[in-house]
Amino acid sequence: MHETDIHDLSDDADYAAASQQGSSSMTRTDSSKQSSSGDPEDSEIVYLKDNVTIHPTQYAAERISGRLKLIKQGSSLFMTWIPYKGQSSNARLSDKNLYTIRALPFSDIQSIRRHTPTIGWQYVIVVSSGLAFPPLYFYSGGVREFLAIIKQHVLIVRSSEDANLFLVNNFQDPLQRTLSSLELPGSLANRTPLSSGTPSDGSLENKHTSEDGHLRSIQRNNKQRQKSHDPARDISIQVLEKFSLVTRFARETTSQLFREGLVDGHGPNEKKRSNWASKDHQSQGMASNDMEIVPKKVPVPSDPLEFDKLSLVWGQPRQHPLGFQEWSTFLDTEGRVVDPTALKKRIFYGGVDHNLRKEVWAFLLGYYSYDSTYAEREYFVSVKKSEYETIKNQWQSISPEQAKRFTKFRERKGLIDKDVVRTDRSLTFYEGDDNPNVRVMHDILLTYSFYNFDLGYCQGMSDLLSPILFIMKDESEAFWCFVSLLERLGPNFNRDQSGMHSQLFALSKLVELLDSPLHNYFKQNDCLNYFFCFRWILIQFKREFEYEKTMRLWEVLWTHYPSEHLHLYMCIAILKRHRAKIMGEQMDFDTLLKFINELSGQIDLDPIIRDAEALCVCAGENGAASIPPGTPPSLPIEDSSIYYQQDEEVL
């Protein structure tokens, strides 16, 4: 490909429209060309835009507005975004500094993705060194001009696979570079979803057990159940498309990786995971005259926290689950929880007896108020049941003729129909044809899509609902507990993936704080997007543990003790336990993603919780300051309302 072909954006309608504006843009910035006090003396401001805003959370009061600049210095182009001083925002000063972009050279930028929602403001996502910066919202327009100015100074090409993805600098193989923030190496991207190194979806062994015998081990053959429209592909494509990963290679690659953990809704104990690596090595061995391939080991920098000793000092041992007799000591004579903080701490260290979960989970999820009495809760349940039936009737009353004219309803119902029949079907509670519990799950999810019409339904929600329905065994109560959970985790499913982005961004900052050598290793290997932790965070480790252990982990996380974001410290704890292997074997991104995927079912829950607690204590205030406000699963902020873009006043 000739350089002119790579460089030319003349076929881009936006660029063509903006080219006429180029001179006016330069005219507007002429007065700013001379460097300001904050810019180098020999620099030239070629683009300046005010009211470019970052949304750390879904709350309008916490938006951070600032000034975006493109600065030319010599032959180099830099981008800066500096928040305004003294603006009326609830965001803390440390949060503003966290998002500040200072003199980012375009030589470090890999891609820029443009988003143009039907309703709302345009925004762009800049990816540098594998790490995506927070979306930059252009309240008063200017995205086309921004890209046109960049084109005048930097080699930039629009991806042939995605018209909204612009690749910067590296065009040796443009199609491979369209993997955007994932930055998957070509060796993985070239594989087909069902390559010879990947086992077929044949007989999978799925074991789900509990101390009380509520779950049983089941073997199920998935081969006949798999259909062309498979949920692993659904969730991987949707997640990646919303995370600026919309190319054909991304779809194929992630379908292969997600299929292992998500096909047929099975949990983490399928034995094929351990077979994947062995089959790869076997095929490689045959190709090289049966010579064993041994990963090259390199010296690994020591852990700055002496992690092995850390959990012994700060991480307290686990206790037995909270039982009925002890539970009664937390209640007064009328049923109020006397000391919610002490109760949460007790649950954090021991979990809850299975037969007590129905009552206690309602408190942990916020369905019951801690200061409510037995009588008040009984009345509350009856009121909420009536309210649920009212919402449910909204979609039940839609006639076939109405449905023909209600595209959004048909689309969401179709997704739910396909997902529920593949969610945890190995459990006795959900197995078999015409299972009434599967129908109840379907009705709850469809009702939720009407209750929260803006969010609707996304793949992954059925995974979050399944354990709740399994415990509550009541449609209305399961629905309202699910509603309460999504008040915290709903941003995980935002269309622009802002909730997931904020958590991965915070994870990057926490690793940098708690293990700088590991952080530097990820940086050198283009792994700073932390996408390999995506599944852990999206559905709260549900695919990594047995069903019973998942429920125990969730009730621990729902205590929000010692932090609302303990799940991020759990990610770090798992990475630290394997840092020697990751760094010693010099894993690149695709190797790391495969390795993390194969950890499913191999993680010991109690030590990881203990390690996560120790890391949280060690990080202290610095750790809290590294997490942007409103990062899920933070609870809604008082006196702040969720904004609606179409009604928001432009600054």
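**Close-up views of a predicted model**

View 1. With a relative accessibility of 27%, Lys413 counts as partly exposed; here buried means under 20% relative accessible area, exposed means over 50%, and partly exposed is what lies in between (1.4 Å probe, protein chains only). This is a predicted model, in which local features need pLDDT of at least 70, side-chain atom pairs count only at pLDDT 80 or more, and totals for chains, interfaces and linings use all residues. Residues are numbered from 1 along each chain as its sequence is written, and side-chain values use heavy atoms, with hydrogens and water left out. Asp417 is also partly exposed, at 29% relative accessibility. Helices (H or I, at least four residues) and strands (E, at least two) are DSSP runs, numbered from the N terminus. Side chains of opposite charge can pair when their charged atoms come close. Across the whole structure, a search turns up 23 salt bridges.

**View 2. Asp463 and Lys542 form a salt bridge.** The closest N and O atoms of this pair are 3.1 Å apart. Asp463 comes from helix H19 (residues 461-472) and Lys542 from the loop between helix H23 (534-538) and H24, so the pair ties together parts that are 79 residues apart in sequence. Both Asp463 and Lys542 are buried.

**View 3. Asp515 meets Lys576 in a salt bridge.** The N to O distance is 3.1 Å. This one links distant parts of the chain, 61 residues apart: Asp515 is in the loop between helix H21 (498-514) and helix H22 (516-524), while Lys576 is in helix H25. How buried are the two residues? Asp515 has a relative accessible area of 0%, and Lys576 has one of 4%, so each counts as buried.

**View 4. Helices H18 and H20 cross at roughly 50°.** The axes of H18 (residues 436-451) and H20 (residues 475-489) come within 10 Å; axes are lines fitted to C-alpha atoms, for helices over the stretch in contact, and angles run from 0 to 180 degrees between N-to-C directions. That makes H18 oblique to H20, because angles under 35 degrees count as roughly parallel, over 145 as roughly antiparallel, 65 to 115 as roughly perpendicular, and the rest as oblique.

**View 5. H24 packs against H28.** The two axes are 11 Å apart at an angle of about 20°, which means that H24 is roughly parallel to H28. Their crossing is right-handed. Lys549, Arg552, Leu553 and Val556 in H24 meet Leu605, Asp606 and Ile609 in H28. The contact splits into four nonpolar, no polar and three charged residues.

**View 6. Helix H13 has a set of buried residues.** Within H13 (residues 340-350), Leu343, Arg346, Ile347, Phe348, Tyr349 and Gly350 are buried. What covers them? The cover includes helices H12 (324-328), H14 (357-364), H24 (547-557), H25 (566-577) and H28 (605-625). Just after H13, Gly351 takes a positive phi of about 75°.

**View 7. Thr100 sits in the loop between helix H4 (93-99) and strand S4 (101-105).** Thr100 is buried, at 15% relative accessible area. Setting aside neighbours within four places in sequence, Thr100 touches Trp81, Ile82 and Pro83. Asn97, in helix H4, is partly exposed at 46%. Asn97 and Ile82 are 15 residues apart in sequence and 8.6 Å apart in space, C-alpha to C-alpha.

Key. Contact means heavy atoms within 4.5 Å. A salt bridge is a side-chain nitrogen of Lys or Arg within 4 Å of a carboxyl oxygen of Asp or Glu. A crossing is left-handed if the near helix is turned anticlockwise from the far one by less than a right angle, and right-handed if clockwise. Ala, Val, Leu, Ile, Met, Phe, Trp, Tyr, Cys and Pro count as nonpolar, Asp, Glu, Lys and Arg as charged, and the others, Gly among them, as polar.
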